[in-house]
Amino acid sequence: MVWDRRSITLTAAGVAAAVALTVTGIIIATRGDAAGHLASAPSPSPSPSPSHRAPLRSPFTGERVHRLNRVLIVKIGNTVPERPATGLAKADIVYLIPVEGGLSRIMAVFSSHYPRVIGPVRSARQTDKDLLRQFGRPAFAWSGAQPQLQWVVQHEWRIVNLYAGTAGGYFRSFNRPEPYNLYANTRTLMKEARHASVARDIGFRFGAPPPGGHHVKSKSVSFPAASFRFTWSPHRHRWLVSMDGSRATSVGAGRLSAPTVVIQRVVVGLSRFLEQGPMMPPYAHTVGSGTAVVLRNGEAYHARWSRPSANGGTIFTTDSGKPMTFARGPVWIVLSYGPGSSPWRSGKPV
């Protein structure tokens, strides 16, 4: 819900970005270097040739990158009137977060690649705070929030604030009604986020699949008023995403998919920041520990997650305590209702 009802100026950058809604993203990375080492001889050994240097990899995807870029995190709407999203296929990490009414909202994390346009940009929730903290001081693009929460986000959260009411680069499209039509020009956002944190370790580990998985063709998970299905594609080596019974797509990029999907069971309680009307906003607790199902390479793994501090990342392990490695590439994480969660019905606790 967009709480600030002020109209947002349609800038020249915004007009250009509106035309580009169907254009795929751009890559803006350059090659970095790895440090050499000293030999045991008194004089230093020659620096290793470029072909022998360990490749720099993204801590978010495990893929090779030229350098670690700044982190941009965007709240994106995920109800039927807001689909398909724009720019989502470029995300390194996609969180599916429960919101009021039993619905879902997306938090998309960009660093390896930035799309030209992102949206529809939507409002913040209390759950976002703990997720954001593991990234240091990321740039955070959001459209507003419940009045009390909005003040907290702007004055207390550790972010580079890209609130749509004050930051540049936002514009409204003409093919959707408000509040489902707010988009952002990424280049303009990043000009205002020069001091945002760069990508850093948040606990993910990538590599060969561990033992203990079992073959599955698809896996489903549901919220009270939303559903997700991930179907393995041997041809694409990815899990194809469906939402609410329909194929999930991104404008200009086709079907959404990911090599790794994590269904993270968390305690979902009640947020202290109540929304207008009868809706009771949930608060997903991502600090603590619990169980998870990790999907990769056509197999499902029972796993555990642990995050003792909000300032640190989440460690995933197998039942035997070994690292639960992910397949290289984007990671989707569903914050699903775990044991101890409130029994929601139509957004109201019963």
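**Figure 1. Burial and overall make-up of the protein chain.** Of the 350 residues of the protein chain, 53% count as buried in this predicted model. The chain holds four helices and 25 strands, and its accessible surface comes to about 15500 Å², with 54% of that area belonging to carbon and sulfur atoms. Among contacts between residues at least 6 apart in sequence, 66% join residues at least 24 apart.

**Figure 2. The largest nonpolar core and the surroundings of Trp332.** The largest nonpolar core has 47 residues, and those with the most contacts inside this core are Leu72, Leu88, Leu162, Tyr170, Phe228, Phe230 and Trp332. Strand 12, which spans residues 226-233, gives the most to this core, with four residues. Apart from this core lies another, of 41 residues, which includes Val152, Val268, Tyr301 and Phe316. In soluble globular proteins, nonpolar side chains tend to be buried together. When neighbours within four places in sequence are left aside, the contacts of Trp332 include Leu88 and Phe230, both of which are also listed with Trp332 among the residues with the most contacts inside the largest core. Trp332 is likewise in contact with Val94, Leu96, Val241 and Met243, and also with Leu256, Ser257, Ala258, Thr260, Val261 and Val262.

**Figure 3. Arg296, a buried residue without a salt bridge.** Arg296 lies in strand 20, which covers residues 288-296. Arg296 is buried yet has no salt bridge, and the nearest side chain of opposite charge, that of Glu299, is 7.2 Å away. Leaving aside neighbours within four places in sequence, Arg296 is in contact with Gly207, Ala208 and Pro209, with Trp239, Pro259 and Thr260, and with Tyr301, Met324, Thr325, Phe326 and Ala327.

**Figure 4. The salt bridge between Arg122 and Glu82.** The structure holds six salt bridges, one of which joins Arg122 to Glu82, with the closest N and O atoms 2.3 Å apart. This pair links distant parts of the chain, 40 residues apart, since Arg122 is in the loop between strand 5 (117-118) and helix 2 (126-133), whereas Glu82 is in the loop between strand 1 and strand 2 (85-86). Arg122 counts as buried because its relative accessibility is 4%, and Glu82 is buried with a relative accessible area of 1%.

Figure 5. Glu178 forms a salt bridge with Arg172, in which the closest N and O atoms are 3.8 Å apart. Glu178 counts as exposed because its relative accessibility is 56%, while Arg172, with a relative accessible area of 14%, is buried. In the salt bridge of Arg205 with Asp201, the closest N and O atoms are 3.1 Å apart. Arg205 counts as partly exposed at 38% relative accessibility, and Asp201 is also partly exposed, with a relative accessible area of 46%.

**Figure 6. A nonpolar patch on the surface.** Leu56, Leu68 and Val198 form a nonpolar patch on the surface, and together they have about 200 Å² of accessible area. Leu68 is placed in the loop between helix 1 (12-19) and strand 1 (72-77). Leu68 counts as partly exposed because its relative accessibility is 34%.

Terms used: Residues numbered from 1 in each chain as written. Predicted model: local features only at pLDDT ≥ 70, side-chain atom pairs only at ≥ 80, totals over all residues. Heavy atoms only, no water. Core = buried A, V, L, I, M, F, W, Y, C linked by side-chain atoms within 4.5 Å. Buried < 20%, exposed > 50% of the residue type's maximum accessible area, 1.4 Å probe, protein only. Helix = DSSP H or I, 4+ residues; strand = E, 2+ residues; numbered from the N terminus. Contact = heavy atoms within 4.5 Å. Lys, Arg positive; Asp, Glu negative; His and termini not counted. Salt bridge = Lys/Arg side-chain N within 4 Å of Asp/Glu carboxyl O. Patch = residues over 30% accessible without salt bridge, like charges linked within 9 Å, V, L, I, M, F, W, Y side chains within 5 Å. Areas by Shrake-Rupley, 256 points an atom, 1.4 Å probe, with all protein chains shown as cover.
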